[in-house]
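Welcome! Here is a short briefing to read alongside the protein on your screen, topic by topic.

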Amino acid sequence: MTHQLFIAGQWRDAEGGATFEVENPATGETLATVADASAADGRAALDAAVAAQADWARTAPRDRGEILRRAFEIITERTDELAEQMTAEMGKPVSESKAEIAYGAEFFRWFAEESVRIAGRHSVAPNGATRLLTLKQPVGPCLMITPWNFPLAMGTRKIGPAIAAGCTMVVKPASLTPLTMLTLGEILTEAGLPDGVLNIVTTKSTGEVMEPIIRDPRLRKLTFTGSTEVGRTLIEQAAEGVLRVSMELGGNAPFLVFEDADLEKAVDGAMLAKMRNIGEACTAANRFIVHESLAEEFSRRFAERMEQAEVGPLVEAKQRDKVAELVDDAKEHGAQVLTGGEVPAGAGYFYPPTVLTGVPTEARVWREEIFGPVAPIFTFTDDDEALRMANDTEFGLVAYAFTQSYSRAIKVYEGLETGMVGINQGVVSNPAAPFGGMKASGFGREGGDEGIEEYLETKYVGLAP
Ligand code: NAP
């Protein structure tokens, strides 16, 4: 059976019946065959989104909210089946897939509630001569491009606010993990989403299909989650149509452990910050920066916990090879391996949980996103040095800091150049909070009060009495 494209409420084959295969990373075997869209199919998806936009923008906010609420309930009911599909295409353990499904569904519940809270304001001009009225209107047709590491949640946090705001959309999931998004299309249809509001295009000719959509003057917004490298290209393409753009890009999160940290909590936090999603998260702690007085004890306890961690395979051979390469490079720079550090024999793209100590900042892991279960530990001597080290990266998505001192925590979260900070906690993601980065980690926010603003235009009307 071929998984088809979803355009204008219809499931249909790609032009010429083209398909590509999706692999199970735990076995390397083919899992499914998926329609491989052409540029003409991409255009048809945008045509459908454009055709549906005006009517969709006029629907009652409560109706849009109810669709999201129903979809939240259906996702929750179908958790087991969705988790199995997600694990098969992406590789994370089923327990982690279930956690992502709960997290991803929450964006629909959150934005169901936000849909009826879109407000404008009214005020009197300072000179009293006119009245100032503002209203919020949907931005218009959106293109959403999502990565493979969270096949559901990276979609729902774009689709949720777009539906709530009254925007139509074309969604392109990662070609490594398209199946979850196709199931989400079925779920939203069952929840009552009108034809053409959501269109899903799967393709292996990604650039050739996406670029004409981005350059089409009918598109009004581009929202992308993925690597900084691809993000840069897309920002350039989006400049032509002066699109509204949101970019959720790569990370290089520092995890700071200060001399007054509660070590037990810091190790618990480190496990979460490193091992959620097998380290394949933009929010994954990439550099552990630990006060020299605690480094040995922290490293020992952390390595003990890492040895016991259950891991799935990484998403593909290329990803596993990159992780192995980064570890080998750290070793060549003099790092010691406390646990892990070698590619295991056997099928699947597994890499063991790994802790490295004595890592110099010349090693590639200092600058590059690891995207795997590898924790390099660096040391510092005073707070200013810790902050300097934390900020010594082009990225600025998230940082974690462990300290029991209130004033140190304030100094640290104010000094960190990241869009998000976790103090004494190893996970910050929350549908009610604005998720997003600074610097090369991107711009725009997903979730929280801010999330829906990305899909709304503010219009000002001057009213003379
Ligand atoms: P990626 O290679 O940038 O791919 C992301 C998406 O972009 C995929 O759907 C991909 O399609 C598509 N794409 C690739 N080249 C394109 C092009 N020329 N034009 C249009 N679309 C294109 O990233 P990834 O490897 O999937 O994901 C990992 C990256 O995402 C990491 O850097 C991670 O930090 C980042 N990430 C960031 C966040 C955040 O919120 N900040 C969250 C999760 C992940 P194909 O699959 O067909 O190649």
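A nonpolar core is a set of buried Ala, Val, Leu, Ile, Met, Phe, Trp, Tyr and Cys residues joined through side-chain atoms within 4.5 Å. Keep that in mind as you look around this predicted model.

**The nonpolar cores**

- The largest nonpolar core has 84 residues, and those touching the most other members are I159, M169, L188, F255, F288, F298 and F302.
- This core lies between domain 1 (2-249 + 441-463) and domain 2 (253-430), because both domains give residues to it.
- Another core, of 29 residues, lies apart from it, and its members include L256, L356, A363 and F378.
- Leaving out residues up to four places away in sequence, F302 touches V267, A270, M271, K274, F288, V355, A375 and I377.

**The largest pocket**

- The volume of the largest pocket is about 1,200 Å³.
- Its lining is made up of 38 residues, and P147, W148, G226, S227 and V230 are the ones nearest its centre.
- Which element gives the largest share of this lining? That is helix 8, with six residues.
- Helix 7 (206-215), strand 11 (221-225), helix 8 (228-240) and helix 11 (317-332) each supply at least two lining residues.

**The cysteines**

- How many disulfides does the structure hold? The number is zero.
- A disulfide is a covalent bond between the sulfur atoms of two cysteines.
- The cysteine sulfur closest to that of C142 is in C167, at 4.1 Å, which is too far for a bond, because a disulfide needs the two sulfur atoms within 2.5 Å.
- C142 is buried, at 0% relative accessibility, and C282 is also buried, with a relative accessible area of 13%.

Conventions: Residues numbered from 1 in each chain as written. Predicted model: local features only at pLDDT ≥ 70, side-chain atom pairs only at ≥ 80, totals over all residues. Heavy atoms only, no water. Buried < 20%, exposed > 50% of the residue type's maximum accessible area, 1.4 Å probe, protein only. Domains from an automatic or database assignment. Contact = heavy atoms within 4.5 Å. 1 Å grid on protein atoms, 1.4 Å probe; cavity = no way out; pocket = protein on both sides within 12 Å on 5 of 7 lines; lining within 4 Å. Points joined across faces, edges and corners; volume = space filled by probe spheres on them. Helix = DSSP H or I, 4+ residues; strand = E, 2+ residues; numbered from the N terminus.
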